[in-house]
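Okay, thanks for coming, everyone.

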Amino acid sequence: MGKIGGFFSSVLSEMRKTSWPKRKELTKYTIIIVTTLLFMAAFFMVVDLGISKLLRWYLEL
């Protein structure tokens, strides 16, 4: 049990040393991530639709 308690004590000590982002930074990073995800989703959707149309066109020949 001593090792487990020591582990959690060390974890708490390290968590106190951590530099957490401020609210403004966190909001900025969240907006960047959501925007990037939406862009990537739209990009892959267009690529998928394009490949699907090409395959349908090829199979109709």
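This is a predicted model: local features need pLDDT of at least 70, side-chain atom pairs count only at pLDDT 80 or more; totals for chains, interfaces and linings use all residues.

Before the overall shape, one term: the radius of gyration here is taken over C-alpha atoms, and the globule rule is 2.2 Å times the number of residues to the power 0.38. By that rule, a compact globule of 61 residues would come out near 10 Å, but this protein has 24 Å.

Residues are numbered from 1 along each chain as its sequence is written, and side-chain values use heavy atoms, with hydrogens and water left out.

So what does the protein look like overall? The C-alpha trace spans about 75 × 35 × 10 Å along its principal axes. There are two helices and zero strands; those are DSSP runs, H or I of at least four residues for helices and E of at least two for strands, numbered from the N terminus.

How much of the protein is buried? Buried residues make up 0% of the 61, where buried means under 20% relative accessible area, exposed means over 50%, and partly exposed is in between, with a 1.4 Å probe and protein chains only. The accessible surface comes to about 6,300 Å², and 72% of that belongs to carbon and sulfur atoms. Those areas come from the Shrake-Rupley method with a 1.4 Å probe, and for residues only the protein chains shown count as cover.

Let's start with helix α1, residues 2-17, which holds both K17 and E14, three residues apart, about one turn of the helix. They form a salt bridge, with the closest N and O atoms 3.3 Å apart; the cut-off is a side-chain nitrogen of Lys or Arg within 4 Å of a carboxyl oxygen of Asp or Glu. The structure holds one salt bridge. K17 is exposed at 59% relative accessible area, and E14 is partly exposed at 46%.

Next, the rings. Phe, Tyr and Trp rings (for Trp, the six-membered one) pair if their centres lie within 6.5 Å; planes under 30 degrees apart are stacked, over 60 edge-to-face, and the rest tilted. We have two aromatic pairs. F7 and F8 are edge-to-face, 5.3 Å centre to centre with 70° between the planes. F43 and F44 are edge-to-face too, because their centres are 5.2 Å apart and their planes sit at 70°.

F43 and F44 also belong to a nonpolar surface patch with F39, M40, V47, I51 and L55, about 680 Å² of accessible area together. Patch residues have over 30% relative accessible area and no salt bridge; like charges are joined within 9 Å, nonpolar side chains (Val, Leu, Ile, Met, Phe, Trp, Tyr) within 5 Å. F39 lies in helix α2, residues 23-60, and counts as exposed because its relative accessibility is 56%.

Last one: W57 is in helix α2 as well, and its C-alpha is 50 Å from that of K24, 33 residues away along the chain.
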